[in-house]
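Open the model in your viewer and keep the selection panel at hand. This tour goes stop by stop: what to select, then what is there.

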Amino acid sequence: MAAIHSWQIGLAVVFVMLIVVASYRQNVHAYPSGGGDYEVATVNLGPRAGMTVASALLVDYVLTVAVSVSSGVQNAGAALSWVRGHEMPVAVVLVVVITAINLRGVRESGTAFAVPTYCFMAGLILMAAWGFARAAMGTLPAAPSAQFDLVPEPGYEQLAGFAFVFLLLRAFSSGCAALTGVEAISNGVPAFRKPKSRNAATTLLLMGTISVTLLMSIIMLARRTGLQYAEDPASQLMLNGQLVGEGYVQETVIGQLAHTVFDNFPLGVYAIATFTGIILILAANTAFNGFPVLASVLAKDGFVPRQLSQRGDRLAFSNGIMILSGAAILLIVIYDAQVTKLIQLYIVGVFVSFTLSQIGMIRHWNRHLAGEDDPAARGHMIRSRIINMIGAALSGTVLLVVLATKFLHGAGFAIAAMVVLYFLMAGVRRHYDAVSRELALSQDPREERALPSRVHAVVLVSKIHKPTMRALAYARAARPSYLEAITVAVDPEQTKALRREWDRRQIPVALRSLDSPYREITRPILDYVKDVRARNPRDILTVYVPEYVVGHWWEHILHNQSALRLKAALLFTPGIMVVSVPWQLASSEGQEQWFTDTTPAGRSSAGPGPELPRAGEFRG
């Protein structure tokens, strides 16, 4: 029944498309900086509305990749039979390839992407024109699926009253997927040539016109050929009174139309399938441009981790690209690259951002009208506000329709993802605000310049070797108020041997031994430094940790990483300064050895200075 009214539903989608395009033309003129819906909502409605839009756009970008690539693979299956039944792994491989291209940063990609785009548009327009010409001549055959009968879904067997209206609204909400992509131009205004706003607005108008033309052409051709398409063909398509079952592979609408219109011209079928698959896969690249940029803006505003604002060595937002790729691949795997299931999640995020953006634009014009006296300028603002008011009303209505008709079919999961992202962003912002308050300087500049009363230095010693001697030399050169070395007595015999070697070398630093009845190293050291800190709260306690640096990954496995564990524990101990004193082994790159001190004990050839370690010790 919905197929019978497809042209009316298509006209309703076209009307919404035209209004949204007209509304977004106001956006790109008013906010040409490229912040898009997020900037409009944040500036005019506040940070909470901005976070809502941002969470919706982030989810929408992920779904754009998953839906576009999956749909591209399904369309490619019309020409490449080996793709059928392997859509999911092929889609995953394609996402990985697109990710690699974006991470590498391909120059002049605009021209490379424009060629298949123009070929796709020309191919569909040619197919539509030839199809209508054949229909006029009476030579247009029926679509391959015209022989099937559609079985109503449970609950829609009696298409009357509310069930009929609900079915039409559900079909309308599915058709509104054609509106996705409008927000991408609003977010990408800085990428246009000057004058940026005018070029972006012109692009919006062209995009809307082409989309409307292609949408209505496909709908009318599908009606003329009797084309049948079901969300779940195994349970909704019947042939001779029998369900087609799981073995039936349903081609996409464009694939079926290509086979019908070009039934005597196989090259046309391959061309349409190829260019449709390519353009849908390239559509995913829009998200790879938009998601990382939006994430970087959110990172600068403190709503997501700041690593997302950093560019890689090829000036790409590598972290954002990797997150987008991983999330899209996860969705493709979960939904087995089935577009009919993924599309249910898709458009809810778009219309959340549409609605809040248009409400924000209404506030924008209200604010500017309050301070504008020029009659001509006021007239322009009033007309723009009326357009945005109509856009807000329509997009809000569509959002309600989508929520009502698709919530149980998958839109609920998209909403849940947006809610989770919203609270995560709010938590990240609270963390950054708390850290900023805690690190802020006080109003009295003398407090920050106050020096500690003394510096108590501790050198950790496990055995007497070159890293230990370097740490001792460095600690003594820092001239602390008090310096001592501590070791943990895990093995009494080894501790006695350490003391004998310590005395034999006449190291002029007191060595303290800490008991460890359970042969643990970290806990006794932590207890000792905490005790020193408690007894002298105004002193600075500095712990020098000698360690050696290996050059190969497999060498790390061969060492117990005790220095790393100690540093990690000490960093979380208040009032403790941790100093790593590395010794680079020969396997490490950039090795710089300290020279051996051969001057008399306690004297330096460099002239007056702090007393240095004795012969055989190493210093900087």
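Start in helix H18, which holds both Asp 527 and Arg 523, four residues apart, about one turn of the helix. This is a predicted model. Show the two side chains: Asp 527 and Arg 523 meet in a salt bridge, 3.5 Å from N to O. Asp 527 is partly exposed, at 40% relative accessibility. Arg 523 is partly exposed as well, with a relative accessible area of 38%.

Stay in H18 and select Arg 535 and Asp 531. This pair too sits four residues apart in the helix, about one turn. Arg 535 forms a salt bridge with Asp 531, and the closest N and O atoms are 3.0 Å apart. Asp 531 has a relative accessible area of 37%, so it counts as partly exposed.

Select Arg 519. Its place is the loop between strand E6 (510-515) and helix H18 (522-535). Is Arg 519 buried or exposed? Its relative accessible area is 56%, over the 50% cut-off, so Arg 519 is exposed.

**A salt-bridge network**

Next, select Glu 501, Arg 504 and Arg 505. Salt bridges link these three in a network. Look at one link: the side chains of Arg 505 and Glu 501 meet at 2.8 Å, N to O. Arg 505 is partly exposed, at 31% relative accessibility. Glu 501 is also partly exposed, at 24%. The structure holds nine salt bridges. Side chains of opposite charge can pair when their charged atoms come close.

Select Thr 542, in strand E7. Thr 542 has a relative accessible area of 8%, which makes it buried. Which residues does Thr 542 touch, not counting those up to four places away in sequence? They are Val 455, His 456, Ala 457, Val 458, Met 577 and Val 579.

Now turn to the aromatic pairs. A search of the whole structure finds five. Show Phe 262 and Phe 265: their ring centres are 6.0 Å apart and their planes stand at 70 degrees, so the pair is edge-to-face. Color these two by accessibility. Phe 262 is buried, with a relative accessible area of 8%, whereas Phe 265 is partly exposed, at 41%.

Go on to Tyr 474 and Tyr 544. Their ring centres lie 5.8 Å apart with planes at 85 degrees, so this pair is edge-to-face. The pair links distant parts of the chain: Tyr 474 belongs to helix H16 (residues 466-477) and Tyr 544 to strand E7 (residues 540-549), 70 residues apart. Tyr 474 is partly exposed, at 42% relative accessibility. Tyr 544 is buried, at 6%.

One more aromatic stop: select Tyr 24, Phe 351 and Phe 354, which form one aromatic cluster.

**An enclosed helix**

Select helix H10 (residues 253-261). Seven of its nine residues are buried, so H10 is largely enclosed by the rest of the structure. Highlight the buried ones: Ile 254, Gly 255, Gln 256, Leu 257, Ala 258, Thr 260 and Val 261.

**Into the core**

Select Val 65, Val 69, Leu 298 and Leu 324. Of the 78 residues in the largest nonpolar core, these four touch the most other members. Which helix gives the most to this core? Helix H3 (residues 47-76) does, with 16 residues. Zoom in on Val 69. Leaving aside neighbours within four places in sequence, Val 69 is in contact with Ala 91, Leu 94, Val 95, Ile 98, Leu 280, Ile 281 and Ala 284. Apart from this core lies another, of 20 residues, among them Leu 124, Leu 221, Leu 227 and Ile 279. In soluble globular proteins, nonpolar side chains tend to be buried together.

Switch to a surface view and select Val 93, Val 97 and Ile 101. They make a nonpolar surface patch of about 240 Å². Ile 101 sits in helix H4 (residues 87-104). At 38% relative accessibility, Ile 101 is partly exposed.

**Zoom out**

Finish with the whole chain in view. The secondary structure comes to 20 helices and eight strands. Of the 620 residues, 44% are buried. Among contacts between residues at least 6 apart in sequence, 76% join residues at least 24 apart. The chain exposes about 32,000 Å², and carbon and sulfur atoms supply 62% of it.

How values were computed
Residues are numbered from 1 along each chain as its sequence is written. This is a predicted model: local features need pLDDT of at least 70, side-chain atom pairs count only at pLDDT 80 or more; totals for chains, interfaces and linings use all residues. Side-chain values use heavy atoms; hydrogens and water are left out. Patches are made of residues with over 30% relative accessible area and no salt bridge: like charges are joined within 9 Å, nonpolar side chains (Val, Leu, Ile, Met, Phe, Trp, Tyr) within 5 Å. Accessible areas come from the Shrake-Rupley method with a 1.4 Å probe; for residues, only the protein chains shown count as cover. A salt bridge is a side-chain nitrogen of Lys or Arg within 4 Å of a carboxyl oxygen of Asp or Glu. Helices (H or I, at least four residues) and strands (E, at least two) are DSSP runs, numbered from the N terminus. Buried means under 20% relative accessible area, exposed over 50%, partly exposed in between (1.4 Å probe, protein chains only). A nonpolar core is a set of buried Ala, Val, Leu, Ile, Met, Phe, Trp, Tyr and Cys residues joined through side-chain atoms within 4.5 Å. Contact means heavy atoms within 4.5 Å. Rings of Phe, Tyr and Trp (its six-membered ring) pair if their centres lie within 6.5 Å; planes under 30 degrees apart count as stacked, over 60 as edge-to-face and the rest as tilted.
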